[in-house]
Amino acid sequence: MDLVQLQRQLVDYRTSLYHEGFLDEQFTQLQSLQDENNPDFVVEVVSLFFEDSERLLNELSKALEQQIIDFKRMDGQVHQLKGSSSSIGAHRVQKLCIVFRNYCEAQNVEGCLKCLQQVKHEYGIIKTKLESMFQLEQQILNAGGSIPV
Amino acid sequence: MESCNCIEPQWPPDDLLMKYQYISDFFIALAYFSIPLELIYFVKKSAVFPYRWVLVQFGAFIVLCGATHLINLWTFTVHSRTVASVMTTAKVLTAAVSCITALMLVHIIPDLLSVKTRELFLKNKAAELDREMGLIRTQEETGRHVRMLTHEIRSTLDRHTILKTTLVELGRTLALQECALWMPTRTGLELQLSYTLRQQNPVGYTVPIHHPVINQVFSSNRAVKISPNCPVARLRPAGKYMPGEVVAVRVPLLHLSNFHINDWPELSTKRYALMVLMLPSDSARQWHVHELELVEVVADQVAVALSHAAILEESMRARDLLMEQNVALDLARREAETAIRARNDFLAVMNHEMRTPMHAIIALSSLLQETELTPEQRLMVETILKSSNLLATLINDVLDLSRLEDGSLQLDLGTFNLYAVFREVLNLIKPIASVKKLHVSLNLAPDLPEYAVGDEKRLMQTILNIVGNAVKFSKEGSISITAFVAKLDTLRDSKAPEFLPVLSDNHFYLRVQVKDSGSGINPLDIPKLFTKFAQNQSTGTRNSGGSGLGLAICKRFVNLMEGHIWIESEGLGKGCTAILIVKLGMPERVNESKLPYVPKMPTNHGQTAFPGLKVLVMDENGVSRMVTKGLLLHLGCDVTMVGSSDECLRLVSYEHKVVFMDICVPGIDSYGITIRIHEKFSKRHERPLLVALTGNTDKVTKENCMRAGMDGLILKPVSLDKMRSVLTDLLEHRVFFEAI
């Protein structure tokens, strides 16, 4: 595929992500912070998000498997996840975290479990989507072009 | 016994003769033997003797001769054949050696003789060298004298000392009887006796300069022998003694007008002084060449030293003069400063003091005008009002002018509507003009821009003043006002050579001409028009009013606007034209004419909106922390990140201007940190601003923040623009609470 086509593909893909509610304008903000002083800012932040979220999700899973569930601690972790996802603009994940928190407050184990599953699911989708987007961007850069804003 | 072969007849031996021969032979032999011994002895004694082997030869010759004579002793009596043969051998040998020696001597004797001549030659040479040595020593001595003399001369910069020293040293070195210096007089026609060696007070002898002897001396730079009867040499009354030889040399004087302005006419010939030296009388001494050379050298040195002294005198005088002038100037300056300060103080006081009563008078008189008055009263009140208005204008003008002269007045630049200015002027002047039945017309050129950049108020004041003058001084007729953009050729006015207009892209020159058909002005009075307080007497109108300051102020304003104003008139009764040219700026965009020209808000676009602003960000969540950091870095801040409250307390310092704290994370007691930071920084201005970042949109959070002592609250998510404006607000007002 040639450069122009690649670029068009990227733009379309991005637009679709916004349309479908996977990303919100916070992600745009992130992109605007990327400049020649910080050329890989977005990638770095998103990678950090992936690491953080995976860790949190593991811990949440573990916590919910315990006999005695520490809701307070879980609440803190969900709060973290919510913060991270809102920082990068992972809209759906953030929404789910809010719901999750409500369940934690209500100490509803079932609700929490269900929510956790949903969060994991959404997280998986957004991760895949973001990774494909970065791949596209890398392809464009390798072809010698520049990323369209 | 065999008889010998001697040929001699056998006489009976004559005893006496025999005896004598016997003795002589004996002595000859002795002598002959002793001579070589002596030779050997003395040669051995002397160190050098070149002809050793000649000596040997000679010695052999002598010895053999001696031997011969010795052997002869035996031949007086009958002798044997052996003796005879020995005798023969000896004689033969002797003969051989003698011949050889004789031959040798032919070679040697000339040599020996030449040695003698060489010796003589060397002796002569030695004598000659001795003489020359003596001469050189004398010269060396003289040279030393010269150097010492020069040193003496050069060691002082005082002219008299130089000359006196010269004479003294010369006298001493050359053992002179008299030494004198003749200097040219001011007129340059005579030589005056200035310095002598022996006579203490030289009487002012003068000698005309155009004496042949003197001319001869002046024309050459060598010391010249002159006759003792020459007038310059006749210093003492002629006595019985024979005067010694006299030598004169010229001393060039560097003309002082090379160094300062002189009102003497430049002399085309160089000036010389004359130095006369006299040897002691009654002595057989003569002037030697080296002595003459010495004199010449000294004369040159003296010339140089004198010129140095002259330069020094000049510069000392100039310096003294400058110092005096400096002192005087300083005094004058201080006086001027005092005067200015006094005037400024006076003005400052009078400004207020004068305006207050004026204001009262004007206000109350106008109020009075509104009330019921009889016609006489009304007239009186009107006069009061008019006079007080005039007085107020005068006060304002005086104060304005003094500010203008100080240079403290600055133009208020702004974009304004040029056409409106002219319309305003016209509106103001129309009533008065119609009262006087004068027709006023306004012509604005089509290429005149509608908007311009400049001082609107003062431009209007100037134009109004000029038009007002035109109206004032016209009793009838018409007044025309024209305004257009001036082209370069029309800009130059020969009467104002210092007005040099420069055309550039964003400026244009506005030219306004106000022509009236009034009383005109005498061309001779035109220069006075723009001077302060010089009221034009010839108009003779007592009611003209005006303080005479108007035009002066106009001129100052026009100068501030980098323009030029002047008045042309052909004479009394022929009307006059006032022309003014001012430099106005082109407005950038027409839309901007509504806005103030200089925007008050600095635009904060670009990365370094807050260059180097040190901030601390505390957030437990790595991702959001990174995002906030990215935001702030993008704005140019210097960001420190901390992930816990302890770290925050540890790292926070007075260098950080703002601390962003994420407070919705349980586990971090943000309020506690706030209090602890407050404690840490006792002085308010050292403390960084504490801002809470939160996603909580409830009022309780906001109240808690305020209570804890935070300076601000921002809701997440924060966009770049939001952060920028928040920071701006924060830094300006030191508090920012987002509306929840």
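In this predicted model, helix α4 (residues 159-174) of chain B lies across β1 (178-184), β2 and β6 (271-278) of chain B and runs at about 70° to β2(B). Helix α5 (residues 212-219) of chain B also packs on the sheet, where it touches β2, β3, β4, β5 (246-253) and β6 of chain B, and its direction makes about 60° with that of β5(B). Axes are lines fitted to C-alpha atoms, for helices over the stretch in contact, and angles run from 0 to 180 degrees between N-to-C directions. Helices (H or I, at least four residues) and strands (E, at least two) are DSSP runs, numbered from the N terminus.

Conventions

- Residues are numbered from 1 along each chain as its sequence is written, and chains are lettered from A, with ligands numbered from 1, in the order in which they are written.

Antiparallel sheet of chain B

- Six strands form an open sheet in the order β3-β2-β1-β6-β5-β4 (chain B), with antiparallel pairing; two strands pair if DSSP finds at least two bridges between them.
- β3 (206-208) and β4 (224-226) of chain B are the edge strands, and each pairs on one side only.
- Neighbouring strands of this sheet are turned by 35° against each other on average, direction ignored.
- Strand β2 (residues 190-196) of chain B runs antiparallel to β3(B) and is joined to it by three bridges.
- Leu191(B) has Val207(B) in β3(B) as its bridge partner.

Parallel sheet of chain B

- A further open sheet of six strands has the order β15-β14-β16-β17-β18-β19 (chain B), with parallel pairing.
- β15 (638-642) and β19 (736-737) of chain B each have a single partner strand, so one side of each is left without a neighbour in the sheet.
- Five bridges pair strand β14 (residues 614-618) of chain B with β15(B) in the parallel sense.
- Lys614(B) has Asp638(B) in β15(B) as its bridge partner.
- Helix α13 (residues 622-634) of chain B packs on this sheet and touches β14, β15, β16 (658-662) and β17 (689-694) of chain B, with its direction at about 170° to that of β15(B).

Chain A

- Chain A has six helices and zero strands.
- Of its 149 residues, 47% count as buried (under 20% relative accessible area, with exposed over 50% and partly exposed in between, 1.4 Å probe, protein chains only).
- Lys82(A) is in helix α4 (residues 71-88) of chain A.
- Lys82(A) is buried yet has no salt bridge (a side-chain nitrogen of Lys or Arg within 4 Å of a carboxyl oxygen of Asp or Glu).
- The nearest side chain of opposite charge to Lys82(A) is Asp75(A), 8.9 Å away; Lys and Arg count as positive and Asp and Glu as negative, while His and the chain ends are not counted.
- Leaving aside neighbours within four places in sequence, Lys82(A) is in contact with Gln94(A), Cys97(A), Ile98(A) and Arg101(A) (heavy atoms within 4.5 Å).

Interface of chains A and B

- 20 residues of chain A are in contact with 19 residues of chain B.
- The two chains bury about 1600 Å² between them, 61% of it on carbon and sulfur atoms (accessible area, 1.4 Å probe, that two parts lose on being put together, summed over both).
- Zero salt bridges are counted between chain A and chain B.

Conventions. Predicted model: local features only at pLDDT ≥ 70, side-chain atom pairs only at ≥ 80, totals over all residues. Heavy atoms only, no water.
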